[in-house]
Amino acid sequence: MLEERISEIDAEAAAKSVSEAVTRLGACPHDCPDTCSMIYTVENGRLIDVRGNPDHPMTRGALCGKLKDFDRHHYNPDRILYPMRRTGPKGSGQFERIGWDEALAEIHRRFTGIIETHGAEAILPYNYLGNEGVVQGLTVGDAFFNRLGATVAEKTFCGSGSCTAWLLTVGPTNGTDPMSFAQSKLIVIWGCNSVSTNIHHWHVVKEAQRHGARVIVIDPYRSRTAAQADWHLMPKPGTDGALAMAMIHVIIEEGLTDDDYIARHTVGFEPLKERAQAFTPEYAAEICGIPADDIRQLAREYATTRNAALRPGVAVERSAGGAQALRAIFSLPALTGSWKDPGGGVYQMPLWEFPVHWDRVCRPDLIPEGTRVLNVLKLGEVLTGEAGIEPGIHALMVYNANPVSNSTETAKIKRGLAREDLFTVVSEHFVTDTARYADILLPATMAAEHDDMMFSWGHFFFTLNQKAIEPPGETVANAELFRRLAKTFGFTEPQFSMSETELMEWYLDWESPKLGGIGMDHFRQHGWYRLNIGDPDTRTPHAEGNFPTPSGKCEFYSEAAVTSGNFVAPPFRQMYEQFQGGEALDPLPGYVPANERPETNPAQAERYPLNIVSPKSHGFLNSQYANEAHKVRAQGEQTILINPADAQSREIGEGALVRVFNDRGAFHGQARVTEEVPPGLVIASLGYWHSLNRDGAVNVISASTYGGMGHSPTFSDNLVQVGLAQ
Ligand SMILES: Nc1nc2c(c(=O)[nH]1)N[C@H]1C(S)=C(S)[C@@H](COP(=O)(O)OP(=O)(O)OC[C@H]3O[C@@H](n4cnc5c(=O)[nH]c(N)nc54)[C@H](O)[C@@H]3O)O[C@H]1N2
Ligand SMILES: Nc1nc2c(c(=O)[nH]1)N[C@H]1C(S)=C(S)[C@@H](COP(=O)(O)OP(=O)(O)OC[C@H]3O[C@@H](n4cnc5c(=O)[nH]c(N)nc54)[C@H](O)[C@@H]3O)O[C@H]1N2
Ligand code: SF4
Ligand SMILES: [Mo]
């Protein structure tokens, strides 16, 4: 009796607390292909729970480990809550609180002075995808900086080489729906660590595997994903071009092509065949280190299994030959006709599918004619004056980005940021390695504290993020930051006074058939909308060709590669245009040797004999969360994975503190001696903060060289030496 009453009381209490709790629909703000739909629960104005939206077909109610206590992240006591001014030396991280009025007045005074003395191009905005929203993300400051006349930043950290390769081969198409992989019978995951970086797609892959699909992973080391594959092939980093060209060779040589598809829907088969002739499996085996018979088997399995899908990750582009390798990979499904099958083809970045008026978001019309463009991968050269540009950069504003952790040659960036005559503004959640150098530090909101609309580069859902709680302290959303800046500078374009909701209404292309006639109400009710582009179980966008290339066909041979030359696709060069007119490119896919490999650069390899690959860490999101003790505990400290042979010759034992270095810099980590990496390669994951780590972090050793196309980075194309730390 008593027990019954107690359980009644419990039920009443539970009902009461539920009635007091309010839920809002959220969207993960991170630069992650999954773009999860979330549910925020708020009680008495406090965010008490964040979970995955079970109604969402990709998210399926589950968030990744990084976000599972996202509510707690919002209440991290280290958050920047007020505008601040630097009081100590640059890099010291010493600041004092100031008011917003003071901060804005200071920015106005310094920017105006610089514009008068050096011109507005002496101001550089530096931003990336710390927040990925249509309203608060990559492009949030473009309209303001374009109006100001600042240098235009080209942002090619991620996916730019693959996008150029994709546009040249198949055009601005979205390719295969990641959900269609449920129909696949063979899945080749190429340079992607889905278990960590695309977990909700990995669920689809596992489902296909349970239904008999074979999962092949191509990765230079035994990643978490490779460990779960049915077959793991280990090319040397940056040699994928040779492997893919050899697959093409075998497919053609052994008559495994779909001749009808090739005849009707492709151009350039004959020159491709000729190019592929040299790439015998034996020849490719020498380059990429995969046995010739394995290459043959891979090609045969791929070409003879119906519903064979390719999932190249962003990592493939990160070497001199990465984009050329991707063009070879993107050519494969047209050779075998796999575009005809649901769950065939290639899953790339389907950004193009999202009906957004990017010209309204970025306002390229406001850019003064002839304004220069600088690439963010060159930040070190630009800030130290090495780049020799005129005018030099006298003011830098960083938002949604942490270049000291994530960019290249970061020791040089730090030297540049330490310049006394450089005025640096950083908008941030935390005092990151970059924020430590700010003259003015501005406090930014987190996802539950502002409204946004997310697109995705890993599925076809738009997802609404509703503000659930009031911003703490004096934090402001990025959109509000730029409203305030625009007002301070006297800019009167209506966009600069529009609210987040008004911006969403204005930015989305509601007339597009892809939005199926819905309006904002749909989002407020459901939180997400799957673009109206067909059922993933049956969808075959290129069964009948329909490639949006100049020829309307899949272009093995691209005339435009020669005539228009290299280019950076949107969204990396604002969202409005393709920058054309770079150097002429090879019209055909092929193998381009890496800049820094022992075979291709023996002089450098004499001093720095090991390649290094620096993939994403499982527990951090780029550099985010790497300042939270419980997240670092879960991820573990910076490790250097090294093969026993390489460890032995250097007298490095398991757990030893080692130093990784080249001419560009040095960092430290703990050795993990393991057969998971082949001899000649070391692995150090991205994300650790210099200020919290032993000394430096992986990008001190990264070259700022461009990869082959689209000004992609070369994070997988670096030589280092490893030794015991002193
Ligand atoms: N060695 C190596 N380097 C790499 C890579 C690699 O694989 N290896 N990967 C590259 C790739 S693919 C990428 S995408 C880049 C990522 O580079 P970044 O985009 O710089 O990465 P994040 O660490 O995700 O985010 C940067 C900062 O944005 C801040 N931020 C988040 N939300 C907001 C907001 O709403 N407002 C403001 N003002 N700030 C916010 C975060 O606190 C964080 O400090 O790194 C690249 N660097
Ligand atoms: N947990 C977690 N998830 C993330 C992120 C994160 O930081 N943490 N970041 C997000 C972002 S911004 C991005 S861009 C994506 C990236 O996601 P992914 O595309 O998966 O990128 P990485 O994890 O950098 O690298 C994937 C794999 O490629 C391999 N690789 C490196 N170089 C080569 C090469 O030359 N050839 C081949 N074949 N393989 C190579 C690496 O060994 C690694 O195992 O992940 C997103 N998701
Ligand atoms: S980081 Fe990626 S997997 Fe994790 S919750 Fe966000 S979108 Fe989902
Ligand atoms: Mo990325």
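Student: Which residues come closest to ligand 2, and how many surround ligand 2 altogether?

Tutor: A shell is read by listing the residues that have a heavy atom within 4 Å of the molecule. For ligand 2 in this predicted model, 32 residues surround the ligand, with D219, D240, R318, F620 and N622 the closest. By class, that shell divides into 15 nonpolar, 11 polar and six charged residues.

Student: Where does the backbone come into polar contact with ligand 2?

Tutor: A polar contact is a pair of N or O atoms within 3.5 Å. In this case a backbone N or O atom of N193 lies 2.8 Å from an oxygen atom of ligand 2, and a backbone N or O atom of G191 lies 3.3 Å from an oxygen atom of that ligand, while a polar backbone atom of I218 is 3.4 Å from a nitrogen atom of ligand 2. Taken alone, ligand 2 exposes 920 Å², of which the protein buries 99%.

Student: How is the shell around ligand 1 divided by class, and which residues come nearest?

Tutor: The shell around ligand 1 holds nine nonpolar, 15 polar and four charged residues; of its 28 residues, N406, E428, K616, S623 and N699 come nearest. Side chains take part in the polar contacts, with a polar side-chain atom of Q624 lying 2.9 Å from an oxygen atom of ligand 1 and a polar side-chain atom of N622 lying 3.3 Å from an oxygen atom of ligand 1.

Student: Which cysteines are among the residues around ligand 3, and how many disulfides are counted?

Tutor: The residues around ligand 3 include C28, C32, C36 and C64. A disulfide needs two cysteine sulfur atoms within 2.5 Å, and by this rule the count comes to zero disulfides. C192 is in no disulfide, the nearest cysteine sulfur, that of C32, being 10 Å away.

Student: Why do C32 and C192 count as buried?

Tutor: Buried means under 20% relative accessible area; C32 counts as buried because its relative accessibility is 13%, and C192 because its value is 6%.

Student: Is H73 buried or exposed, and which residues does H73 touch?

Tutor: H73, which is placed in helix α2 (residues 70–74), counts as buried because its relative accessibility is 5%. Not counting residues up to four places away in sequence, H73 touches R79, F430, M446, Y625 and E628.

Note on methods: Residues are numbered from 1 along each chain as its sequence is written. Chains are lettered from A and ligands numbered from 1 in the order in which they are written. This is a predicted model: local features need pLDDT of at least 70, side-chain atom pairs count only at pLDDT 80 or more; totals for chains, interfaces and linings use all residues. Side-chain values use heavy atoms; hydrogens and water are left out. A polar contact is a pair of N or O atoms within 3.5 Å; within protein, one must be able to donate a hydrogen and the other to accept it, and residues adjacent in sequence count only if both atoms are side-chain atoms. Accessible areas come from the Shrake-Rupley method with a 1.4 Å probe; for residues, only the protein chains shown count as cover. Ala, Val, Leu, Ile, Met, Phe, Trp, Tyr, Cys and Pro count as nonpolar, Asp, Glu, Lys and Arg as charged, and the others, Gly among them, as polar. Buried means under 20% relative accessible area, exposed over 50%, partly exposed in between (1.4 Å probe, protein chains only). Helices (H or I, at least four residues) and strands (E, at least two) are DSSP runs, numbered from the N terminus. Contact means heavy atoms within 4.5 Å.
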